[in-house]
Amino acid sequence: MPAGQVLFGAGDRCKGLPLILSGRVKVQMTDVSGNRIVLYRIDPDDVCTLSIGCLMTGRSYRAEAIVEEAAEILLIPGALLDQLMGQSKDFRLGVLESYGRRLDDLMLLVEEVAFRRMDQRLEEWLTSHMTDGSMEVTHQQIASELGTAREVVSRLLKEFENQGRVELSRGHIRLIA
């Protein structure tokens, strides 16, 4: 699938468990006003936690998955997933281990959104995502990663700039040591 392709959308029925063989897929939620939050990314050999949940409950997706980097994806139909879970201990353990890791990641995300100040989260995100102290990124992309509004990110980055901590230019941020 090419970058930008929607793998599944909110409200879609689950057709199977996607396994990413190459590339990368991001799973995100969008609210009614268009704000987004990235829940997690699926890399090669990961499994999609939402797909497992949808297959187990028969409910529709509550988020969307978008191919970030061109990807080769294998879709395991629900019936085959049930068969593999019942017949292969290694497969079952691999799926459950991945599910457990992802659930832990999502709990950390909830904790961050609910209990950490946005300026702290933004500073930590910038530091962990920069290469050589700078990066090409829009305020909207950062807002989606952190689950906040673009205006909040813009205001905080302007404060960081006024404090001499960052240098801002269109689509570019540089940390000042």
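Two strands are said to pair if DSSP finds at least two bridges between them. In this predicted model, strands E2 and E3 meet that condition, since six bridges join them. The two strands run antiparallel. Within this pairing, Lys-26 stands opposite Arg-41 of E3. Five residues lie between the strands of the E2 and E3 hairpin, where Gly-34 adopts a positive phi near 95°. In a regular strand, the side chains alternate between the two faces of the sheet. Strand E3 is mostly covered, with six of its seven residues buried.

The largest nonpolar core consists of 17 residues. Val-25, Val-27, Leu-39, Tyr-40 and Ile-42 are the residues with the most contacts inside this core. Two or more residues come from each of strand E2 (17-30), strand E3 (36-42) and strand E4 (64-76). The largest contribution is that of E3, which gives four residues. When residues up to four places away in sequence are not counted, Tyr-40 touches Val-25, Lys-26, Val-27, Cys-48, Thr-49, Leu-50, Arg-102 and Leu-106.

Aromatic rings were considered as pairs. A pair of aromatic rings is described by the distance of the centres and the angle of the planes. The structure holds one aromatic pair. This pair is formed by Phe-8 and Tyr-61, with 3.5 Å from centre to centre and 5° between the planes, and is stacked. Phe-8 belongs to strand E1 (residues 6-8), whereas Tyr-61 is in the loop between helix H1 (49-57) and E4, so the pair ties together parts that are 53 residues apart in sequence. Buried means under 20% relative accessible area. Phe-8, with a relative accessible area of 4%, is therefore buried. Tyr-61, at 5%, is buried as well.

Charged side chains were treated in the same way. Side chains of opposite charge can pair when their charged atoms come close. The structure holds 16 salt bridges, of which several are described here. Arg-102, one of the residues touched by Tyr-40, forms a salt bridge with Asp-105, and the closest N and O atoms of this pair are 3.9 Å apart. Both residues are in helix H3 (residues 89-115); because Arg-102 and Asp-105 are three residues apart there, about one helical turn separates them. Arg-102 is buried, with a relative accessible area of 8%, while Asp-105 is partly exposed, with a value of 37%.

A salt bridge also links Arg-165 to Glu-123, with 2.8 Å between the closest N and O atoms. Arg-165 is placed in the loop between helix H6 (150-162) and strand E6 (166-169), and Glu-123 in helix H4 (residues 118-129), so this pair ties together parts that are 42 residues apart in sequence. Arg-165 is partly exposed, at 27% relative accessible area. Glu-123 also counts as partly exposed, at 38%.

Within helix H6, Arg-155 and Glu-159 are four residues apart, about one turn of the helix. These two residues form a salt bridge in which the closest N and O atoms are 3.1 Å apart. Arg-155 is partly exposed, with a relative accessible area of 46%, and Glu-159 is partly exposed at 34%. Elsewhere, salt bridges link Glu-112, Arg-116, Arg-121 and Glu-124 in a network.

Glu-145 is found in helix H5 (residues 139-146). Its relative accessible area is 18%, and Glu-145 is therefore buried. With neighbours within four places in sequence left aside, Glu-145 is in contact with Val-38, Arg-41 and Trp-125. Of these, Arg-41 is the residue of E3 that stands opposite Lys-26.

Methods: Residues numbered from 1 in each chain as written. Predicted model: local features only at pLDDT ≥ 70, side-chain atom pairs only at ≥ 80, totals over all residues. Heavy atoms only, no water. Core = buried A, V, L, I, M, F, W, Y, C linked by side-chain atoms within 4.5 Å. Buried < 20%, exposed > 50% of the residue type's maximum accessible area, 1.4 Å probe, protein only. Contact = heavy atoms within 4.5 Å. Phe/Tyr/Trp six-rings, centres within 6.5 Å; stacked < 30°, edge-to-face > 60°. Salt bridge = Lys/Arg side-chain N within 4 Å of Asp/Glu carboxyl O.
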